[in-house]
Amino acid sequence: MFTVRSMFTSVYFYLILALVAGAMMPTQAAINNKLAGYVASPISAAFISFIVGTVGLLVYVLATGTPLSNLLNIKDAPPIAWIGGLLGAFFVTCTVILAPRIGVAMTFSLIVAGQMLITLVLDHFGFLGLPVKEISLARIGGILLITAGVVIIRRF
């Protein structure tokens, strides 16, 4: 029997959610690029994007009743836990700078290739508390296929 609750526990929901989230990344880059044209700066556009995102998250937190008291636990977090926002800011700023110069397809092809390379390292060594998943020939083959895709996109 299908229920709303069962939808949110279905693996298919999460697979679709991942695809939609992936589609939002290049869309966000294109939108932020448009914004950069109005504010004459990719850095300003990225800054505005983060302000709007922060407001959106605040509305979500308030609407869902997510307890804010847990935020006090940040004092116990290791220093590495604080840089996630910086990495996000770097990513968004880079996409605003790169998309108009090398194209959205090339930008995100290289981003995906970079993601795949770092996932091999993170998984192989179990960095940041991740479970260890050793590098294999199949995983290396996947990276080579992604690299081939980048070359094809760049060439054509």
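Predicted model: local features only at pLDDT ≥ 70, side-chain atom pairs only at ≥ 80, totals over all residues.
**View 1. Helix α2 crosses helix α4.** Two packed helices are described by the angle between their axes and the distance between the axes. Here the axes of α2 (residues 11-39) and α4 (residues 84-102) come within 8 Å and cross at roughly 75 degrees. Angles of 65 to 115 degrees count as roughly perpendicular, and α2 and α4 are therefore roughly perpendicular to each other. On the α2 side, the contact consists of Met25, Gln28, Ala29, Asn32, Asn33 and Ala36, which meet Phe91, Val92, Thr95, Val96, Ala99 and Pro100 of α4. By class, eight of the residues in this contact are nonpolar and four are polar, while none is charged.

**View 2. Helix α4 packs against helix α5.** The axes of α4 and α5 (residues 104-125) cross at roughly 135 degrees and come within 7 Å. These two helices are therefore oblique to each other. From α4, the residues in contact are Phe91, Thr95, Leu98, Ala99 and Ile102; from α5, they are Val104, Met106, Thr107, Phe108, Leu110 and Ile111. Nine residues of this contact are nonpolar, two are polar and none is charged.

**View 3. Five residues form the largest nonpolar core.** This core comprises Ala36, Ala45, Ala46, Val92 and Val96. The elements that contribute two or more residues to the core are α3 (42-64) and α4.

**View 4. The surroundings of Ala45.** When neighbours within four places in sequence are set aside, Ala45 is in contact with Asn32, Leu35, Ala36, Val39 and Val96.

How values were computed:
Residues numbered from 1 in each chain as written. Heavy atoms only, no water. Axes fitted to C-alpha atoms, helices over the stretch in contact; angles between N-to-C directions. Helix = DSSP H or I, 4+ residues; strand = E, 2+ residues; numbered from the N terminus. Parallel < 35°, antiparallel > 145°, perpendicular 65-115°, else oblique. Contact = heavy atoms within 4.5 Å. Nonpolar A, V, L, I, M, F, W, Y, C, P; charged D, E, K, R; others polar. Core = buried A, V, L, I, M, F, W, Y, C linked by side-chain atoms within 4.5 Å. Buried < 20%, exposed > 50% of the residue type's maximum accessible area, 1.4 Å probe, protein only.
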